[in-house]
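Here's a protein chain to look at. Take a moment with the sequence and the 3D view, and then we'll walk through it together.

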Amino acid sequence: MNDLRIRAAAPADLDTVLAFWKEAAEGTSISDDRDGVARLLDRDPESLLLAERDGELAGTVIAGFDGWRCHLYRLAVHPGHRRRGVATALLAAAEERFAALGGRRGDAMVLNENGLAHQAWSAAGYERQPQWSRWVKQLCP
């Protein structure tokens, strides 16, 4: 894993990240566009972590902290880089970020049907909490 580099995304990475998510991420989000990701980086420049191997984007995770809770989104690893420690390294970097910010607990949004992701999150020490449900209201068309 020595050849894996974790860094915060920069505005110049937006198009690469969006193309990567189309190939490597499960599902789509209303915020999966240039404006949505740019707003994320404007508000919290260190929140979008990228894993690169040999100059190629291998994985991403959004590690957002609102001052109270630590939220994880868009953990995605390119199919050609899976099972090689990319997700583990990204989550370790996210957890280090949270600890430095004073965060106490990380929570992740994971699609119910994404069994591969369930295995990854479980292996990283995260537990599903079936007593919670996500409630959503779309605020824009």
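Strands E2 and E3 run antiparallel and are joined by six bridges. Within that pair, Ala-51 stands opposite Gly-59 in E3. The two strands make a hairpin with two residues between them, and Asp-54 in the turn has a positive phi of about 55°. Helices (H or I, at least four residues) and strands (E, at least two) are DSSP runs, numbered from the N terminus.

Before going on, keep in mind that this is a predicted model: local features need pLDDT of at least 70, side-chain atom pairs count only at pLDDT 80 or more, and totals for chains, interfaces and linings use all residues. Residues are numbered from 1 along each chain as its sequence is written, and side-chain values use heavy atoms, with hydrogens and water left out. As for pLDDT, that's the predictor's confidence in each residue, from 0 to 100. The chain averages 92, and 99% of the residues score at least 70. Among the elements, strand E2 (residues 48–53) has the highest mean pLDDT, 98, while helix H4 (residues 115–123) has the lowest, 90.

Back to E3, which has a partner on its other flank in the list too: E3 (residues 56–65) and E4 (residues 70–77) pair in the antiparallel sense over six bridges. These two also form a hairpin, this time with four residues between them, and Gly-67 in the turn has a positive phi of about 95°.

Now for what's covered. Buried means under 20% relative accessible area, exposed over 50%, and partly exposed in between (1.4 Å probe, protein chains only). E3 is mostly covered, with nine of its 10 residues buried.

Which residues of helix H2 (residues 34–43) are buried? They're Gly-36, Val-37 and Leu-41. These sit on the same side of H2 because they cover an arc of only 130° around the axis (the arc is that of the directions from the helix axis to the C-beta atoms). H1 and E2 are among what covers them. The face of H2 turned away from the buried side carries the exposed residues Asp-35, Arg-39, Asp-42 and Arg-43.

Finally, find Leu-72 in strand E4. Leu-72 counts as buried because its relative accessibility is 0%. Leaving aside neighbours within four places in sequence, its contacts (heavy atoms within 4.5 Å) include Val-61, Leu-91, Phe-98 and Trp-121. Leu-72 and Val-110 are 38 residues apart in sequence and 9.2 Å apart in space, C-alpha to C-alpha.

Key. Pairing = 2+ DSSP bridges.
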